[in-house]
Amino acid sequence: MSRKVPHRKPNASADASLTRVLRTTVAPEHLKLSLEENAYGFLNQSLKHYRKTARNIQEWPFALLHLVQSLELLLKRVLEAINPILIYKDIDQPNPDRHTVSLEQALPRLENLRVPIEEKERIVIAKAALKRNLVVHYKVELNKFEWKQLYAQLFEFLHFFHHKHLRSDLHSHIVRENWNVEARLMEFFKQNFVIYHGIEVHKGHPRDIIAAQRTVGFSDGEQDFYRIKYGDESPGSILYGWGDVPCGDCGVIKGQYHTDGCDLEECPKCHGQALGCPCTRQFEFELTRP
């Protein structure tokens, strides 16, 4: 016969001494994100930095860098959808740790694959790449209004690019806490940008481009130094070879002078970056024409 085990009541005194605490979820040690998930993560971090720019202007470079990184990852996602191996710089290398294509390399690869790319896409992607390189490797000087204009243009482009190539609305991947700033950015873009030289520029910018053509050079009182037009840069310039598309910063076209304060103008004396160049402090006179 089986022996019946008597039911034991819980120890009431022991239960009374215990405290129930809600269990915390242990964070995983590894995180694996798809290209799209990574892109949306950078996008939302960018908007998080953007929300802080009103209180701290130093948040602007981080907002911009995260936004451009999101764009680069989405470009790679379009390549991945065609064939996963296309995201790699060298598709013949078997090493799984090989480098993936850069922002600048992804666009011509898409074009070579006959993916329809508009002129707007070429121009804005080139502008994004140049701005990121300036922030990371050179010096950049913008006031908060110029930062906002640039950011709004790139943000609107991200919506356009996502809808065109990934066939869905970018809004659904933006977290709720960023919805208000998303709406304000899109409205700001709609109200303040016009088409000029085939790209969207701030509505006051065409006037600045026209005014910039009057100043053709500078002088230190003994020697004249003539400004370098866009497309005439020396081989060592960051802009060398970019003359087929409008300037990635100020939007002028080949043969025009850059606008005042453009990050990408070449110094006519030392041929470095004109913005903040010590040479400019030696120029006492402007050479202008009617």
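User: Happy to look at this one with you! How do H4 and H5 run relative to each other, roughly parallel or roughly antiparallel?

Analyst: In this predicted model, the axes of helix H4 (residues 103–112) and H5 cross at roughly 160° and come within 9 Å. Angles over 145 degrees count as roughly antiparallel. H4 and H5 are therefore roughly antiparallel to each other.

User: Thanks! How many residues of the contact of H4 with H5 are charged?

Analyst: On the H4 side, the contact is made by Leu103, Glu104, Leu107 and Glu111. H5 brings Glu121, Arg122, Ile125, Ala128, Ala129, Arg132 and Asn133. These residues divide into five nonpolar and one polar, and the charged ones number five.

User: How many of the 19 residues of H5 are buried?

Analyst: Good one to ask. Helix H5 covers residues 119–137 and reaches 27 Å from its first C-alpha to its last, close to the 27 Å expected at 1.5 Å a residue. H5 is largely enclosed by the rest of the structure, because the number of its 19 residues that are buried is 14.

User: Now for the other pair: what is the handedness of the crossing of H2 and H3?

Analyst: Helix H2 (residues 35–52) packs against helix H3 (residues 60–82) at an angle of about 160°, with the axes 8 Å apart. H2 and H3 are therefore roughly antiparallel to each other. Their crossing is left-handed.

User: And how many residues of the contact of H2 with H3 are nonpolar?

Analyst: Among the residues that meet are Leu35, Phe42 and Leu43 in H2, and Trp60, Leu67 and Leu73 in H3. Seven residues of the contact are polar and four are charged, while the nonpolar ones number 12.

Methods. Residues numbered from 1 in each chain as written. Predicted model: local features only at pLDDT ≥ 70, side-chain atom pairs only at ≥ 80, totals over all residues. Heavy atoms only, no water. Axes fitted to C-alpha atoms, helices over the stretch in contact; angles between N-to-C directions. Helix = DSSP H or I, 4+ residues; strand = E, 2+ residues; numbered from the N terminus. Parallel < 35°, antiparallel > 145°, perpendicular 65-115°, else oblique. Left-handed = near helix turned anticlockwise from the far one by under 90°. Contact = heavy atoms within 4.5 Å. Nonpolar A, V, L, I, M, F, W, Y, C, P; charged D, E, K, R; others polar. Expected span 1.5 Å × (residues − 1). Buried < 20%, exposed > 50% of the residue type's maximum accessible area, 1.4 Å probe, protein only.
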